[in-house]
Amino acid sequence: QVQLVESGGGLVQAGGSLRLSCTASGSIFSIDDMDWHRQAPGKQREFVATITRGGSTNYAASVKGRFTISRDNAKNTVYLQMNSLKPEDTAVYYCAAVVTTTSRSMTDYWGQGTQVTVSS
C-alpha cells in the first residue's frame, strides 16, 4: 500500500505565505506526476498545480505567478509554495500522485488533505 501525507497548512493573513509538503511512503517503485488540488467549502475539488517526474509544471490560472510546485524525487515529496495568499485560496489542499508500486501496478493515490485558511 501507498500513503500520502500532507503537512504545512494553517491560518495566515491575506498577503502571507505558506509552504505545503506531501510525502509518499509504502510500496513505491516509482512516482510519475504529482499534483495539488483544493476544495473550498461548498465547491467542487479543483486542480491547482502539477509537476512531472522530470520537473515540468503546470498551474491553474487562479494561482499562476503566486504558487510554485516543486518536488524531491529522492524523498518522494512534493511541495507547494504559496505566496500572496488571498481569502479565496481558503480550502482543504490535497496532494495526489501517480504511483507504480513494487508489484508494478499503477494507481492514483490521494492524501487526506490539509486545511489552509486565509483571513482578510
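**Notebook: a salt-bridge network and an open sheet**

I count a salt bridge when a side-chain nitrogen of Lys or Arg lies within 4 Å of a carboxyl oxygen of Asp or Glu.

The model is predicted; local features need pLDDT of at least 70, and side-chain atom pairs count only at pLDDT 80 or more. Residues are numbered from 1 along each chain as its sequence is written, and side-chain values use heavy atoms, without hydrogens and water.

Next I checked burial (buried is under 20% relative accessible area, exposed over 50%, partly exposed in between, with a 1.4 Å probe and protein chains only). Arg38 is buried at 6%. Asp89 is buried at 1%. Asp89 also bridges to Arg66, at 2.7 Å between the closest N and O atoms. Arg66 is buried too.

Arg38 has another partner, Glu46, at 2.6 Å from N to O. Glu46 is partly exposed at 35%. I noted Arg38, Glu46, Arg66 and Asp89 as one linked network of salt bridges.

Four strands form an open, antiparallel sheet in the order 1-3-8-7. Its edge strands are strand 1 (2-7) and strand 7 (67-72). Strands here are DSSP runs (E, at least two residues), numbered from the N terminus; two of them pair if DSSP finds at least two bridges between them. Six bridges join strand 1 to strand 3 (residues 18-26). I found Val2 partnered with Gly26.
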